[in-house]
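Colleague: I want to know what stands behind the labels in this model. Let us take them in turn.

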Amino acid sequence: MRNGPSRLDVFPAFHKVAGRRVLVVGGGEEAAAKVRLVGESSAEILVVAEEVEISLTEAIAATGARLAARAFEADDLEGAVLVFAATGEEEQDRAVVEAARARGVPANAVDRPDLCDFYTPALVNRAPLAIAITTTGAAPIIARRLRARLEAMLPGDYGSFIAFADGLRARVREALGNGEDRRRFWASFFDSTAAALFFSGDRRRAAAEAERLIEKASRPAEGFVALVGAGPGAEDLLTLRAQRHLQEADIVFYDALVPQAVVSQGRRDAERVAVGKRKGCHSKSQDEINRLLVAAAREGKKVVRLKAGDPMVFGRAGEELAALRAAGIAHEVVPGVTAGLAAAADLQLPLTLRGTASSLVFTTGHDMKGETLPDWARLAAGGLTLSVYMGRSVAAGVAGRLVEAGLAADTPVAVVENASRADKRMFVGTLADLPALEHRSDITGPTLVVIGEAVAAASLAEAEPLHVSEKTVSERLAA
Ligand code: SAH
């Protein structure tokens, strides 16, 4: 046994009848019904009947059928594609059917299924749309009820709407080619504003709207990538421009350091992808991230690459920008408040200070392989404020290099953990205290180290000592 519906004893197909003869033999109401049905098509109807009832006369007039008022002759079948035997007399019907079969013309004998080569369906006509329903003679009333429901479902001008769509086909193919773009266009067209305008009766505006939609679909969706600075963590340190990009984004790739409160300012149905990058646990390699950005933009998406602080400060923006340029993808950089500036704000520490500090260096405790940067000597010159990113785990090395390079061991140092955030902590000490930072198990957030005489000008009332005994630390952790 086959699964699913049983097999049909009929096979639906649609005969081409335009300009071709369809023969109806008979003069009564049955013949009239067939003339009306076939009259839904552009067939050339020939009615052959010796006597014609009034309903048939009307049907002939309404459909433009031709009448031969005489007995049936086999030659009436000349050029016919279909024949209806509707004489009401079995013998006559049989003669018509046999003559038709002899010439290979499919025949239907009204109410004589045994004589039929084909059945007539219940028809819903929305030319060029045709819906034909049959129950293979089992329950014609069901076919009629279904037809009534379909009639109600389809607006009367559905056919002209289809013709309208058909009229756009060449233009759509010319503008969109044969591929996916064209498929997408049609998939949305039937629910488009153009369709709504058409059904509202405004065909001129429907045509103009259709043209607008075709043009829009033919412009390649322009992918765009914004490298956006998310700021140091406080949501309200996000720039308005960053917020705008987030609200327009189709997809947001964000780093581990970016707080959810910022990520969630993105458009609600935007896709959000964590690309990790926290020290020691890179969830995606930089190459992978570059590829993801390019691929998403090539799909025509508005991409936001959300980076902690400022994207251009220790953010690997250089590699991402190079990848975007190489791929020819439109892009923009949106600056953000970098951690060094957020830390200075928290500490109320003027990074430049007349007579004390006239230059400012943003540096990192790591080179790309995670080792301490070798050349600190250059940086250790006086009159300089040093902001050290990613300095916690290499604090001792940094301090050692600076002292080696001639910086006084009592140079003031401040550290901010979670700068700008509600849970921020600030620490102060000297260069000699800095190595302690590596061992402070109570400091787990991102930390920014500031070194230089300007630190002495900071408001450090809230700051804790940088160097405390391990006992103090464990007591604090226990508390
Ligand atoms: N592009 C970022 C820096 C990324 S490197 C920016 O401009 O801020 C990551 C380092 O930034 C961390 O190791 C830490 O040193 C620093 N950092 C980021 N956010 C911080 C924050 N809220 N508080 C303190 N330091 C932070």
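Colleague: Why does Tyr389 count as buried?

Modeller: Its relative accessibility is 8%. Buried means under 20% relative accessible area, exposed over 50%, and partly exposed in between, with a 1.4 Å probe and protein chains only. So Tyr389 counts as buried.

Before we go on: this is a predicted model, where local features need pLDDT of at least 70, side-chain atom pairs count only at pLDDT 80 or more, and totals for chains, interfaces and linings use all residues. Residues are numbered from 1 along each chain as its sequence is written, and side-chain values use heavy atoms, with hydrogens and water left out.

Colleague: What makes Phe362 partly exposed?

Modeller: Phe362 has 30% relative accessibility, so it falls in the partly exposed class.

Colleague: Why is the pair of Phe164 and Phe198 called stacked?

Modeller: Rings of Phe, Tyr and Trp (its six-membered ring) pair if their centres lie within 6.5 Å; planes under 30 degrees apart count as stacked, over 60 as edge-to-face and the rest as tilted. Here the centres are 5.0 Å apart and the planes sit at 20°, so Phe164 and Phe198 are stacked. Phe164 is in helix H5 (residues 158–176) and Phe198 in helix H7 (residues 193–199), 34 residues apart. Helices (H or I, at least four residues) and strands (E, at least two) are DSSP runs, numbered from the N terminus. Both Phe164 and Phe198 are buried.

Colleague: And why is the pair of Phe362 and Tyr389 edge-to-face?

Modeller: The planes of Phe362 and Tyr389 are at 65° and the centres 5.7 Å apart, so this pair is edge-to-face. Phe362 is in strand S13 (residues 359–364) and Tyr389 in strand S14 (residues 384–389), so the pair ties together parts 27 residues apart in sequence.

Colleague: Why are H5 and H6 called roughly antiparallel?

Modeller: The axes of H5 and helix H6 (residues 180–189) cross at roughly 155° and come within 10 Å. Axes are lines fitted to C-alpha atoms, for helices over the stretch in contact (heavy atoms within 4.5 Å). Angles run from 0 to 180 degrees between N-to-C directions. Under 35 degrees is roughly parallel, over 145 roughly antiparallel, 65 to 115 roughly perpendicular, and the rest oblique. H5 and H6 are therefore roughly antiparallel.

Colleague: What makes Gln348 exposed?

Modeller: Gln348 has a relative accessible area of 55%, so it is exposed. Gln348 lies in the loop between helix H13 (339–347) and S13.
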